[in-house]
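The tour goes stop by stop.

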Amino acid sequence: MADLFPPLAAAQVDAKSKVDEKVDYSNLPCPVPYEELHREAFMSLKSDNFEGLRFDFSKALNQKFSLSHSVMMGPTEVPSQSSETIKIPTAHYEFGANYYDPKLLLIGRVMTDGRLNARVKADITDKLVVKANAQLTNEPHSSQAMFNFDYMGKDYRAQLQLGHSALVGATYIQSVTPRLSLGGEVFWAGVPRKSGIGYAARYETDKMVASAQVASTGAIVMNYVQKISEKVSLATDFMYNYFSRDVTASVGYDYILRQSRVRGKIDSNGVTSALLEERLSMGLNFLLSAELDHKKKDYKFGFGLTIAAAVSASGFG
Amino acid sequence: MAAKRIGAGKSGGGGDSSILAKISNSEIVSQGRRVAGDTVEVSKKLLWSTGKAAWISGTTFLILVVPLIIVMDREAQLNELELQQASLLGTPPSTMQR
């Protein structure tokens, strides 16, 4: 009989503290950044499936500086009018240099087809972060540049975006309750003269994350991720465009094990894809990618190897 | 047609019954033939679509489930090995906490 009371009392205390937690609106957690609203769902569902061979090698020269080399070989799709996909074999080499510092992050990438990608992320104070992203190509009018200023408040985040071709955007996200955060965005583009607004909501508990986003461009995105355990999560997403009336829904799993990670997905267009990442030994990862599209009769298979010599190996992508 | 009539005439005893038999025979035969043809057609289609469905579901299974099973099996083996090692070394298994 005496055994019964402590859990009861504990439960009461728990409930009390929960109520207190709910009342305390002045101490809400900081929400996730607006552009990362769907990050859990994207991590499970947007696996970067590839076709052909991929080889990545990265070597840390010292604690802060690392170089990366990657080779990609395989067929790439050529955009065409007909429904049949046309593929031509291509091969690319990419050279990258990374500089990591707690306050400063510099990433540069050069590809053999003349594309150059540069990213800078600098923490000016603990609250203000400046990000810059530039993409240069040898084709005219396809180079891009973007500046982001992120401000992290106690229970909100604000971001100002400035891009080339007079793009101005701002996002704001605020925690409303400890679990729910609401946000909005505004953008204005100068060259294809258009502007828009969007709203987003995100609800998360320890076991699930649900997020929804709607924009005046007509896109509606909804995501739901259920974490079954620490290793397994199931995700589903739903995308709908109000103007073009196309709907896509997909459901997938993400299984993280000690030596491997498997992600699988099937979507409403009948495309099945899976990506297996297997750690063979320290710093040596093996990738197997498969994607089946029965409707278009398009089957993609790829394998890859990722070698990270010494410390860091997370600069890919 | 002629062969059928001869056959019907041979087997039938009287003229009346032979005509009846002939009519019923021919109708059944034609109907049967049609039904058989339809059945073959339908079953062909059914077989083909089942085959296609099996192909699609089989390949989907191969892509989505088979790697998962293999990887989970490996994980289980690894866990077992670790447990064995732990028991050999004599470390007590971690107690569950409420």
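How far does helix α3 (residues 66-89) of chain B reach from its first C-alpha to its last? Select the helix: its 24 residues reach 35 Å, close to the 34 Å expected at 1.5 Å a residue. The expected span is 1.5 Å times one less than the number of residues. Helices (H or I, at least four residues) and strands (E, at least two) are DSSP runs, numbered from the N terminus.

Before moving on, some ground rules. This is a predicted model, where local features need pLDDT of at least 70, side-chain atom pairs count only at pLDDT 80 or more, and totals for chains, interfaces and linings use all residues. Residues are numbered from 1 along each chain as its sequence is written, chains are lettered from A and ligands numbered from 1 in the order in which they are written, and side-chain values use heavy atoms, without hydrogens and water.

**Stop 1: along α3(B).** Pick B:Pro67, B:Leu68, B:Val71 and B:Glu75. These are the buried residues of the helix (buried: under 20% relative accessible area; exposed: over 50%; partly exposed: in between; 1.4 Å probe, protein chains only). Step past the helix end to B:Gly90, which has a positive phi, near 90 degrees.

Stop 2: Zoom out. The chain has 3 helices and 0 strands, in the order α-α-α. Of its 98 residues, 10% are buried.

**Stop 3: the interface.** Show both chains. Contact (heavy atoms within 4.5 Å) takes 14 residues from chain B and 20 from chain A. Together the chains bury about 1500 Å², 65% of it on carbon and sulfur atoms. Buried area is the accessible area (1.4 Å probe) that two parts lose on being put together, summed over both. In chain B, select B:Ile63, B:Leu64 and B:Glu75: they lose the most area to chain A, together 36% of what that side buries.

Now go back to B:Glu75. B:Glu75 forms a salt bridge with A:Lys231, with the closest N and O atoms 3.5 Å apart. The rule (side-chain nitrogen of Lys or Arg within 4 Å of a carboxyl oxygen of Asp or Glu) finds 4 salt bridges across this interface.

**Stop 4: strand β7 of chain A.** Select A:Phe147, found in this strand. Is A:Phe147 buried, exposed or partly exposed? A:Phe147 is partly exposed, at 41% relative accessible area.
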